[in-house]
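Please look over the sequence and the model that follow.

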Amino acid sequence: MTPDRICMDGFTGAMMAAESFSDCRAVLHGPGGCRSYHALLASRCYPREQPADAARYYRQYFFGQPRIPCTFIDEDSYINGSEGKLEECVPIICDADDRFNIFISSPGSALIGDNVTDAIERAGFSHKAMAIDESLISQPFSSSYDRTVRSIIERRAPKGRATAPRSVNILGLPISGKDWQDSLDELTSILGGMGVTVISAPGAGCSLKGLEESTAAELNVCVCPEYCKATSAFYESEYGIPTVFSDMGAPVGFDAVEHWARNIGKGFGTGAPLVEEGVRAAKGRVFRKLNGSFIAKRVKHSRFTVMADSSVAYPLVRWLFGYMCMIPASVTADPGEDAGMVASITRFLGENGLGEAWGADPCQHVDFVFADGHTAETQMMVGGCVKGVDIAMPSLSRIGLTPRPVLGVNGAMYILDEIIGSM
């Protein structure tokens with residue numbers, strides 16, 4: 001038995017990847033019914049609306065909503081094609097502001113066979129727009145996100161630059177990650193404490209100018225490999241910039257944060273003493289808070305389920321088991337999993353006599369479920385767990401004003417706070 005869980009697909013991945021650039025927007029070439037959810041999701045993943053937007057974008061194809069304008073094709077378009085509609089809409093959308101526009105076809109409109117790239121060129125807006133020509137709906141969310149980021153970099157074709165010493169780009173941090181902006185700030189701070197400068201973070205709020213500057217990086221550093229395999233390969237083949245991957249996966253939990261930083265330090269021939277000091281301070285705070293507490297004793301041996309990207313699931317399972325003495329009852333990786341991370345998960349579970357947890361029924365009753373916000377909340381509502389911990393989008397029901405990232409030391413404290421607060 002599996003929960004009624006539908007993971008976000010490649011179509012959504014392409015849209016969110018386009019929306020992840022600070023001065024770009026996704027444009028949906030398709031029917032209006034495909035727009036609403038994605039416009040809402042984009043505004044939640046990467047909020048950037050302004051009070052005056054409703055009036056400013058109260059025009060054809062936008063209708064007061066600046067995120068993801070739509071060509072609104074109808075049944076006539078499916079029968080006779082939509083070239084006329086494209087010729088009309090491209091100038092209107094591209095002239096709305098200074099943003100670069102990325103046209104993405106819905107699964108249905110992709111079947112029509114319209115050449116969106118030709119329509120953009122005929123309208124004279126190749127400098128302000130591009131089309132993602134392939135349909136990615138059958139791809140996992142993560143790999144589609146990655147391929148779309150790569151496509152945008154290829155289209156912009158930034159020129160190579162002289163290498164800036166001790167500089168990096170952060171790759172593999174999607175805007176679907178919980179409070180990703182706070183995570184980016186902390187990871188940037190961690191690297192800064194090591195004397196490393198972050199030039200850009202393609203796929204995580206990067207601007208087009210940031211893409212131009214990104215080719216000066218000495219290294220790329222990976223957060224989640226599922227979201228940057230194609231992008232990292234492009235940087236290495238085109239610009240000779242290698243990527244540092246962590247065999248512990250994403251920096252989730254104290255141990256993985258230290259390992260992530262040390263791994264990057266090795267790439268520059270240095271250590272990460274400030275990171276180690278910060279992790280020790282966080283562990284000390286947790287110890288002082290929980291030492292002798294009956295709550296800490298109740299957490300011990302509690303059972304949990306993880307449904308997440310493989311690079312998040314692996315360090316999370318290791319950390320909860322080793323640091324909190326919690327027992328994994330079910331561990332599953334979201335589609336698009338990294339083979340190395342999956343092998344690490346299964347090996348770790350097997351070495352600790354927990355091999356049956358891999359792929360086990362995620363609907364069995366447990367104390368904690370770590371999953372996307374929708375699944376976490378649903379499992380609580382149906383009595384599948386005592387506490388569902390939101391660690392990823394989609395999570396449209398809760399708006400958080402206090403940062404609750406999953407990555408970094410702050411992410412570890414958020415996860416611990418969710419666990420302890422429910423006991």
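A search of the whole structure finds 12 salt bridges, a salt bridge being a side-chain nitrogen of Lys or Arg within 4 Å of a carboxyl oxygen of Asp or Glu. Side chains of opposite charge can pair when their charged atoms come close. The structure is a predicted model, in which local features need pLDDT of at least 70, side-chain atom pairs count only at pLDDT 80 or more, and totals for chains, interfaces and linings use all residues. Residues are numbered from 1 along each chain as its sequence is written, and side-chain values use heavy atoms, with hydrogens and water left out.

One of these salt bridges joins D390 and K178, whose closest N and O atoms are 3.5 Å apart. D390 lies in strand β11 (residues 385–392) and K178 in the loop between β4 (167–171) and α9 (180–193), so the pair ties together parts that are 212 residues apart in sequence. Helices (H or I, at least four residues) and strands (E, at least two) are DSSP runs, numbered from the N terminus. D390 is buried, at a relative accessible area of 9%, and K178 is buried too, at 15%. Here buried means under 20% relative accessible area, exposed means over 50%, and partly exposed is in between, with a 1.4 Å probe and protein chains only.

E418 has a relative accessible area of 11% and is buried. K387 is likewise buried, at 18%.

Another salt bridge is formed by the side chains of R48 and E19, at 3.1 Å from N to O. The pair links distant parts of the chain, 29 residues apart: R48 is in the loop between α2 (35–45) and α3 (53–56), and E19 is in helix α1 (residues 10–19). Both R48 and E19 are buried. A network of salt bridges links E19, R48, E49 and R67.

How many residues of α1 are buried? The count is 10 of the 10, so α1 is largely enclosed by the rest of the structure. Among the buried residues of α1 are F11, M15, M16 and E19. The elements that cover them include β1 (24–29), α2, β2 (100–105), α6 and α8 (141–156), where contact means heavy atoms within 4.5 Å.

Helix α6 (residues 107–110) contains S109. S109 is buried, with a relative accessible area of 2%. Its side chain reaches the backbone oxygen of H29 at 2.5 Å. Leaving aside residues up to four places away in sequence, S109 touches H29, G30, I73 and Y78.

E337 is in the loop between β9 (327–333) and α16 (339–351). With 39% relative accessibility, E337 counts as partly exposed. E337 and S310 are 27 residues apart in sequence and 5.4 Å apart in space, C-alpha to C-alpha. Not counting residues up to four places away in sequence, E337 touches E226, K229, S310 and V342.

The spaces are found on a 1 Å grid over the protein atoms alone: a cavity is a set of points where a 1.4 Å probe fits but cannot get out, a pocket is an open set with protein on both sides within 12 Å along at least five of seven lines, and lining residues have an atom within 4 Å of a point. Grid points are joined across faces, edges and corners, and a volume is the space filled by probe spheres set on the points.

The largest pocket holds about 460 Å³ of space. Its lining has 31 residues, of which Y227, D309, D334, A392 and M393 lie nearest the centre. α8, α9 and β11 each supply at least two residues of this lining.

Terms used. A polar contact is a pair of N or O atoms within 3.5 Å; within protein, one must be able to donate a hydrogen and the other to accept it, and residues adjacent in sequence count only if both atoms are side-chain atoms.
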